[in-house]
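Have a look at it first, then read on.

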Amino acid sequence: MSETSGPQAAHAVHPAPQGFVRRYLFSTDHKVIAKQYLAIALFWAVVGGLSAFLIRWQLAWPGEPVIGSGLLPEAFWDGDSWLAQSLQYGSIPAEFYNKLFTMHGTIMVFFVAMPLLLGALGNFLIPLMVGARDMAFPRLNMLSVWTLAVASVILLISFFVPGGAAASGWTAYPPLSAVPELSEVNWGQNLWLIAVALEFASFLMGGINFLTTTVNLRAPGLSLFRLPIMVWFQCIAAVLFMLSVGPLIAGAVMLLLDRLAGTSFFIPSGGGEPLLWQHLFWFFGHPEVYVIMIPGMAAALEILPVFSRKPLFGYRLIVYATFAAGFLSFIVWAHHMFQSGMDPRLAMPFSITTILISVPFALMVFAMIATLWGGVIRFPTPMLFALGVLGVFIMGGLSGIFNGSAPADIYIHDTYFVVAHFHYTLFAATFFGGFAAIYYWFPKMFGRMLNDTLGKIHFWWTFIAFNATFLPMHLVGLGGMMRRIANPLNYDFLQPLQPLNVWISISAFVLMLGQLVFVVNFFWSLVAGRRAEANPWQANTLEWSTASPPPHHNFDTIPTVYRGPYEYSPPGVAEDWLPQHRPLVGGPAATA
Amino acid sequence: MQREATHAVAPAVPVPAAKLGMWWFLASEIVTFGGIIVAYLVFRLAHPQWLEEAAHLSVPIATFNTLVLLTSSLTMVLAFAAVDRGDERRVATWLALTVALGLVFVLVKAYEWRHEIAAGRVPGESGFWGFYYGMTGLHALHVLGGVVVNACLLIAALRRRLEPIAHRVEMAGLYWHFVDIVWIFLFPLLYLSTH
C-alpha cells in the first residue's frame with residue numbers, strides 16, 4: 001500500500017488541455033463530461049417526446065393521418081423512404097405503434113432520466129460538492145460517457161434496420177421478445193438488447209466513480225454527515241444500480257442467446273421459462289425506479305432549504321430513510337408480477353414490503369414540508385420546480401398504494417391507471433426534479449443565469465398541462481383501458497372514454513409545446529443570459545464557493561469544511577446563510 | 001450551531017482509490033454471476049432429468065482445468081509478492097506463467113466445447129446446455145479479459161516500465177482470483193452434481 005493515492009494525489013492541479021478534441025470531445029474533466037451527458041439526455045428527450053406525440057395522436061384519433069402529414073405530397077407517401085414505410089400515408093399502423101411505446105419507455109428511462117439525473121447531475125456535482133479537483137478515475141469517466149454514446153448510436157440505428165425497432169415493450173417480456181417471428185422484429189430487438197446492455201455497463205463505470213470519489217476524495221473536514229443530500233443520494237443510487245443490474249445483464253445475454261444461438265432460456269416450447277425474465281427484469285427494474293427517482297428528489301431537497309432560508313429538516317433521518325428504501329427496493333420486485341402467473345402465495349409478502357416502502361418516502365415528503373414550515377420562502381424558478389416535485393410526487397406515491405396491494409392491482413394491472421401512476425412518480429423526479437436542477441445549477445455549469453420570467457412561464461405551463469394530461473389518465477385506467485393497445489375504438493366498453501382520451505392527448509400536446517419555452521430560454525441564456533456571480537442563490541454547499549463556471553481544477557485551494565450543508569439563518573451570524581467552508585471565528589461573517 | 005472542529009483529511013475507508021474501485025467492480029460482477037447461478041439452480045432443481053445431460057461432461061478434463069486455474073492464482077500471488085520485493089525479473093516470470101496457464105484453461109475449454117458440439121450437444125439442445133454454454137462462455141470471456149490485462153502488465157515488466165504502474169498487479173490479481181472463485185462455483189454445479 002505504498003503507492004500514492006488519496007486526496008493529496010488527486011488534488012494535484014493539472015492545466016486544462018488546449019486542443020478542441022481533448023477539451024470538449026475526449027475530455028476527462030467531470031464538468032465537460034456532465035455537459036456531454038446533458039446533451040445526450042436532451043437529444044433523446046426530443047426523440048422520446050416525439051414518440052409520445054405520435055402515441056397520443058393515435059390514441060385520440062386512431063388511424064387518422066398525423067397532423068402535418070398532408071403537407072407532404074402523395075408521391076412521398078408512395079415512396080419507400082423510412083418515414084413513408086413507417087407511417088402509411090401519414091397514419092400510424094399498429095406495428096409501428098408497438099415500436100413507438102417500446103422506444104418511448106426505453107428512451108425515457110435509460111437514455112433521458114439516467115443520463116440527466118445521474119450522468120449530468122452526479123458527474124457535475126459530486127466532485128464540486130465534496131471539494132475535489134475531479135473524479136477519482138477521470139479516464140473511466142470518459143469511457144463511461146462514450147460507452148453511452150455508442151449505446152445511443154446503436155439504439156438510433158435500430159430504428160432504421162429492416163423490421164424496424166424493438167416492439168416488445170420497454171420491459172421486453174419473452175416469448176414476444178425472444179422469438180423474432182412473433183413480433184416480426186429481428187435486428188431491432190437484438191440491437192435494443194445490445195444498446196441497453198452497453199448503457200448498463202456505462203452507468204456501472206459511472207457508479208464506481210461516484211462511490212470511490214465520495215469515499216476517498218472529500219475535502220478536509222467533510223465528514224459523511226456533512227455531505228449534501230445530493231451526494232448521499234447519488235451514492236445510494238449508484239449502489240442500488242450496481243447491486244441490481246448484474247442479473248439483468250446476464251438476462252440480456254441469455255435473451256440474446258435465445259434469439260441468436262437457439263437456446264431456450266425463456267421460450268416455453270424449448271423447456272424455458274418466460275417468468276425467469278420477469279424476475280430478472282424486475283429485480284433490477286424496481287431498484288432502477290429509485291435509482292432514477294432519488295437523485296430527482298435530492299435536487300428538490302437541495303433547493304428547498306436554500307429558498308426557505310431554513311436548515312433541511314431531519315437531515316440524518318432522510319439519509320437513514322433512503323438507506324431503508326434502498327434496502328426494501330430489493331424485496332418488492334414481484335409486485336410487478338401479481339398478474340403474471342407466479343405463485344399467488346407470493347403476492348402477500350410482496351404487497352407488505354411494497355406498502356412498507358412508502359414509509360421512508362412519506363418521511364421524505366414530510367421532511368420537505370417541515371423544511372418549508374415557517375421559512376422565509378422565495379419563489380424563483382428552481383424553487384417552483386422543487387415544489388412541483390413535492391406536489392407531483394405525493395400524487396404518484398398515493399396511487400402507488402393502490403398498485404402495491406395485490407387485490408387492487410389485479411383490477412388495475414396493465415391499465416392506464418398504472419401508466420398514470422408511474423408518470424406521476426417518474427415525471428416528478430425526472431421532469432420537475434431535472435428542471436429544478438437545471439434552473440438551479442445552470443449558472444454554475446455555464447456561468448450565466450437562465451431567464452426567470454421565461455422560467456416561471458415554463459413552470460406553470462408544464463405544471464398545469466402535466467396534471468391535465470395525467471390526472472384524467474387515472475380515470476381512463478379505472479374505466480378499464482389497457483395500456484399498449486393501438487386502437488381503443490376497437491373495444492365497445494372503451495367508446496365512452498374516447499372524449500377523455502382526446503382531452504389527454506390535447507393536454508399532452510400543450511405540455512410538449514410548453515417545453516419550447518425552455519428550449520428558447522436555454523439557448524438564449526447560454527449566449528446572452530445575465531452573467532452569474534459565484535454564489536447567485538446565496539447557498540452553502542461547496543460548489544458555490546468557486547467561480548461560475550468553475551475553473552478546470554475546480555478550486556484554487558481545496559476548501560476546508562467547518563459544518564453541515566444547510567446552515568441557513570443561523571443564530572449569531574449577520575447574513576442568513578453560513579457556507580460550509582467559512583470559518584466562523586475571525587471570518588467576514590463573524591459579526592453580530 | 002453544529003460542531004466547528006475540522007476533521008482530519010483521512011478518508012472513511014483507508015483504501016487506495018484504485019483498490020476501492022476494483023472492489024466496487026467485483027461487487028457488481030458477483031451479482032451478475034450470482035443472478036445467472038441462482039437462475040440455473042432453480043431450473044436445475046425443477047428439472048431432475050438434467051442429471052443425465054450433465055453426465056456427458058468430462059470430469060477429469062474439468063478437474064485438470066480447475067488445477068490449471070488454481071495454479072494460475074498461485075503464480076499471480078507470487079507475481080504480486082515479487083512486486084513487493086521490487087524484483088521485476090521475477091514479476092515477469094510469474095506473470096508469464098499466469099498468462100500461459102490462463103490460455104491453457106481457455107484452450108482446454110475450447111476443446112471441451114468442440115467435443116460436445118461434435119456430439120450434437122449444441123446450446124439449443126436443452127435447457128441444461130443453454131446454461132452450460134452461457135455460464136462457461138461468460139466465465140471464459142472473463143478469463144480472456146484477465147489474460148489480456150496480465151499480458152499488458154507482462155509487456156510493461158519485460159520493457160522495464162512496470163515500476164510506475166506496479167500497483168496494478170495487485171488489482172489484476174484481485175480480478176484474477178475472482179475469476180478463479182467463479183470457476184470454483186461453476187465446476188461442482190455443472191460437472192459434479194450428477195447424482
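## Before you start

This is a predicted model: local features need pLDDT of at least 70, side-chain atom pairs count only at pLDDT 80 or more, and totals for chains, interfaces and linings use all residues. Residues are numbered from 1 along each chain as its sequence is written, while chains are lettered from A and ligands numbered from 1 in the order in which they are written.

## Domains of chain A

Chain A is assigned domain 1 (33–524) and domain 2 (531–592); such bounds come from an automatic or database domain assignment. Their C-alpha centres are 34 Å apart. Across the boundary, 26 residues of domain 1 of chain A meet 28 residues of domain 2 of chain A, where contact is C-beta atoms, placed from the backbone, within 7 Å.

On the domain 1 side, the elements giving two or more residues are H6, H11 and helix H16 (416–446) of chain A. Helices here are DSSP runs (H or I, at least four residues), numbered from the N terminus.

## The nonpolar core

The largest nonpolar core has 234 residues, and A:Ala300, A:Val389 and A:Ala436 touch the most other members. Helix H6 (residues 94–130) of chain A is the top contributor, with 23 residues. Both domain 1 and domain 2 of chain A put in at least three residues each. A core like this is a set of buried Ala, Val, Leu, Ile, Met, Phe, Trp, Tyr and Cys residues joined through C-beta atoms within 7 Å; buried means 20 or more other C-beta atoms within 10 Å of the residue's own.

Leaving out residues up to four places away in sequence, A:Ala300 touches A:Met368, A:Ala386, A:Val389, A:Leu390, A:Gly433 and A:Ala436.

## Where A meets B

Chain A brings 43 residues to the contact and chain B brings 33 residues. On the chain A side, the elements giving two or more residues are helices H1 (6–10), H9 (187–216), H10 (229–260) and H11 (274–308). H10(A) has the largest share, 9 residues.

## Two helix pairs

In chain A, H6(A) and helix H7 (residues 138–158) pack at about 165 degrees with axes 13 Å apart, the axes being lines fitted to C-alpha atoms over the stretch in contact, with angles from 0 to 180 degrees between N-to-C directions. That makes H6(A) roughly antiparallel to H7(A), a label for angles over 145 degrees. Residues in this contact include A:Phe111 of H6(A) and A:Leu148 of H7(A).

In chain B, helix H3 (residues 59–85) and helix H6 (residues 167–192) pack at about 165 degrees, with axes 10 Å apart. H3(B) and H6(B) are therefore roughly antiparallel to each other.

Conventions
Buried ≥ 20, exposed ≤ 12 C-beta atoms within 10 Å, placed from the backbone. Contact = placed C-beta atoms within 7 Å. Parallel < 35°, antiparallel > 145°, perpendicular 65-115°, else oblique.
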